[in-house]
Amino acid sequence: MIHLLHDFLVIIGRYAISAFAAIGRLSGFAGSALSHIVRPPLYLGLTGRQMLSIGYFSLPVVGLTALFTGSALAQQVYIASTRFNAESAVASVNVIAIVRELGPVLGGLMVAGRVSSAMAAELGTMRVTEQIDALTTLSTDPMKYLVVPRLIAAVVTLPLLVIVANTIGVFGGFVVATQRLGFNAASYLQVTVDYLEASDVISSLVKAAVFGLIIAMMGSYHGYHSRGGAQGVGRATTNAVVSAFILILLANLIITVMVFGT
């Protein structure tokens, strides 16, 4: 019995040490990346290309996700509200749910699935083929050249994508409510405007910026530290997406509690 307890504690300790070591490495990487943002030079051309890749090319998947989610949400809220004779709450519940939660969270998750994996694969391939080492040999800081443009681009473009997602999501609910559920269009829009507050929009944009930082950080970190050839790049890609998903959901909970917890 004592030996089993000893082995169990050894396993727990080993995993705990590994977890703290990983947190320390990630914290050091994040601190270094953020410190490079405020120091010249700034590669505007690379940042612009990353903004195009992250923002513009993510519009279709983000827009479709928001449209389908907003439409389905309106239908579900209507079904639930009919049980309490509160059908008029469809517009208010729909806009609050989309702007506060579904728009930023689903938008962040969709972009994370597309962008974090691409960043990890690209930087991981550069690492295993020694291109990152070559940049250092050429007196170019890899952190400044590869990571910082991705961080800036993600933090800037995610709020813009979430604005689009919120708008399309509310529009999807509007179409279902007016065309299928029999709501008056003018009344629906008036309720939507009346119940939407500035704090809802601000919290949505703050979440989006934080999610953008997480997405770029996870993709860059796992790709930058990739090892072991093609298999290592594959592991880095998987780890980047999974860690980005988990941290996005955790950050969403923390920000929601901080903003709306009282």
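The legends below describe close-up views of a predicted model.

Residues are numbered from 1 along each chain as its sequence is written, and side-chain values use heavy atoms, with hydrogens and water left out. Local features need pLDDT of at least 70 and side-chain atom pairs count only at pLDDT 80 or more, whereas totals for chains, interfaces and linings use all residues.

**Figure 1. Overview of the helical chain.**
The chain has nine helices and zero strands. Helices (H or I, at least four residues) and strands (E, at least two) are DSSP runs, numbered from the N terminus. Read from the N terminus, the order of elements is α-α-α-α-α-α-α-α-α. Taken along the principal axes, the box filled by the C-alpha atoms is roughly 65 × 65 × 35 Å.

**Figure 2. Packing of α4 against α9.**
Helix α4 (residues 90–128) and helix α9 (residues 229–260) have axes that come within 8 Å and cross at roughly 150°. This makes α4 roughly antiparallel to α9. Axes are lines fitted to C-alpha atoms, for helices over the stretch in contact, and angles run from 0 to 180 degrees between N-to-C directions. Angles under 35 degrees count as roughly parallel, over 145 as roughly antiparallel, 65 to 115 as roughly perpendicular and the rest as oblique. The crossing of α4 and α9 is right-handed. A crossing is left-handed if the near helix is turned anticlockwise from the far one by less than a right angle, and right-handed if clockwise. The contact of α4 with α9 comprises 15 nonpolar, ten polar and two charged residues. In these classes, Ala, Val, Leu, Ile, Met, Phe, Trp, Tyr, Cys and Pro count as nonpolar, Asp, Glu, Lys and Arg as charged, and the others, Gly among them, as polar.

**Figure 3. Packing of α8 against α9.**
The axes of α8 and α9 are 9 Å apart, and the two helices pack at an angle of about 155°. That makes α8 roughly antiparallel to α9. The crossing in which α8 passes α9 is right-handed. By class, 14 nonpolar, nine polar and two charged residues form the contact of α8 with α9.

**Figure 4. Packing of α6 against α7.**
Helix α6 (residues 142–179) packs on helix α7 (residues 185–195) at an angle of about 145°, with the axes 10 Å apart. The crossing of α6 and α7 is right-handed. From α6, Val170, Gly173, Phe174, Ala177 and Thr178 meet Ala185, Tyr188, Leu189 and Thr192 of α7; contact means heavy atoms within 4.5 Å. The contact of α6 with α7 has six nonpolar, three polar and no charged residues.

**Figure 5. The largest pocket.**
The largest pocket holds about 230 Å³ of space. On a 1 Å grid over the protein atoms alone, a cavity is a set of points where a 1.4 Å probe fits but cannot get out, and a pocket is an open set with protein on both sides within 12 Å along at least five of seven lines; lining residues have an atom within 4 Å of a point. Grid points are joined across faces, edges and corners, and a volume is the space filled by probe spheres set on the points. Ala19, Ala22, Ile23, Leu26, Ser27, Met218, Tyr221, His222, Asn239, Ser243 and Leu247 line the largest pocket. At least two lining residues come from each of α1 (2–37), α8 (198–224) and α9, and α1 gives the largest share, five residues. The lining of the largest pocket has seven nonpolar, four polar and no charged residues.

**Figure 6. The largest cavity.**
The structure holds one cavity of 30 Å³ or more. The largest cavity contains about 80 Å³ of space. Its lining includes Val62, Thr65, Ala66, Thr69 and Gly70, together with Ile98, Leu102, Gly103, Leu106, Gly107, Ala165 and Gly169. Two or more residues of this lining come from each of α3 (59–82), α4 and α6. The lining of the largest cavity divides into six nonpolar, six polar and no charged residues.

**Figure 7. Backbone geometry in two loops.**
The peptide bond from Pro40 to Pro41 is cis, with omega near 0°. Pro41 is in the loop between α1 and α2 (44–54). Glu130, a residue other than glycine, has a positive phi near 65°. Glu130 lies in the loop between α4 and α5 (131–137).
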